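Thank you for making the time this morning. I would like to walk you through one model, and I will keep to what can be read from its coordinates.

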Amino acid sequence: MIAEFRPHEYYMQQAVAEAKKAYEIDEVPVGTVIVSEGKIIARAHNQREMLLDPTAHAEMIAITQAASYLQNWRLSNTTIYVTLEPCAMCTGALIQARVKNIVFGAKDEKYGACDSVLGLVNNPRFNHQPAILSGVLEGECRLLLKQFFLERCRSG
């Protein structure tokens, strides 16, 4: 079977769909997909409130799904698409998992650990440095987050 390769915007749109699922259940709207050889092998959205688990970020859930799918903790030839720049926990997990590429929509000026607040992926002390691409569908990703937090401010 030949894998179908699509542009970054297609996969980010899939991550946005996951973020909308989080929004619908009153979770911070962050979504992600992990792609291997042109195929989406994992999909997830934030579930911290639902699971009462501070580690239940979209990226962490998707990493677990992808490792299960590939039957390997090394996600060497994968690309993760995430609507918001990963935090230190998630970036660390992506480095540990040997994810090849991290593509994100909106920068996180508060917790971003790819290159906004911390530059973990470029640390030469780590034996793996994923490639980074930021700003894919940035406006759409940022708007979803902005709407979510505006609604929370209004509701008290």
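This is a predicted model: local features need pLDDT of at least 70, side-chain atom pairs count only at pLDDT 80 or more; totals for chains, interfaces and linings use all residues.

The structure holds four aromatic pairs. In one of them, the ring centres of Y23 and F148 lie 5.7 Å apart with the planes at 70°, and because that angle is over 60 degrees the pair counts as edge-to-face. This pair links distant parts of the chain, since Y23 belongs to helix 1, residues 8–24, while F148 belongs to helix 5, residues 138–155, and 125 residues separate the two. F148 also forms an aromatic pair with F149, again edge-to-face, at 5.1 Å centre to centre and with 85° between the planes. As for cover, F148 is buried with a relative accessible area of 2%, whereas F149, at 39% relative accessibility, counts as partly exposed.

Y81 sits in strand 3, where it is the bridge partner of V33. Strand 3, residues 78–84, is mostly covered, with seven of its seven residues buried. Strand 1, residues 31–36, runs antiparallel to strand 3, and five bridges join them. Strand 4, residues 101–106, pairs with strand 3 in the parallel sense, also over five bridges, and there I80 has I102 in strand 4 as its bridge partner.

Now to the cysteines: how many disulfides does the structure hold? The count is zero. The sulfur of C90 has its closest cysteine sulfur in C87, at 3.8 Å, which is too far for a bond because a disulfide requires the two sulfur atoms to be within 2.5 Å. C141 is in no disulfide either, the nearest cysteine sulfur being that of C114, 14 Å away. On accessibility, C90 counts as buried at 0%, and C141 is buried too, with a relative accessible area of 3%.

Finally, let me turn to the surface, where I25, M50 and L51 form a nonpolar patch with about 290 Å² of accessible area together. Of these residues, M50 lies in helix 2, which covers residues 48–51.

Key:
Residues are numbered from 1 along each chain as its sequence is written. Side-chain values use heavy atoms; hydrogens and water are left out. Buried means under 20% relative accessible area, exposed over 50%, partly exposed in between (1.4 Å probe, protein chains only). Patches are made of residues with over 30% relative accessible area and no salt bridge: like charges are joined within 9 Å, nonpolar side chains (Val, Leu, Ile, Met, Phe, Trp, Tyr) within 5 Å. Accessible areas come from the Shrake-Rupley method with a 1.4 Å probe; for residues, only the protein chains shown count as cover. A salt bridge is a side-chain nitrogen of Lys or Arg within 4 Å of a carboxyl oxygen of Asp or Glu. Helices (H or I, at least four residues) and strands (E, at least two) are DSSP runs, numbered from the N terminus. Rings of Phe, Tyr and Trp (its six-membered ring) pair if their centres lie within 6.5 Å; planes under 30 degrees apart count as stacked, over 60 as edge-to-face and the rest as tilted. Two strands pair if DSSP finds at least two bridges between them.
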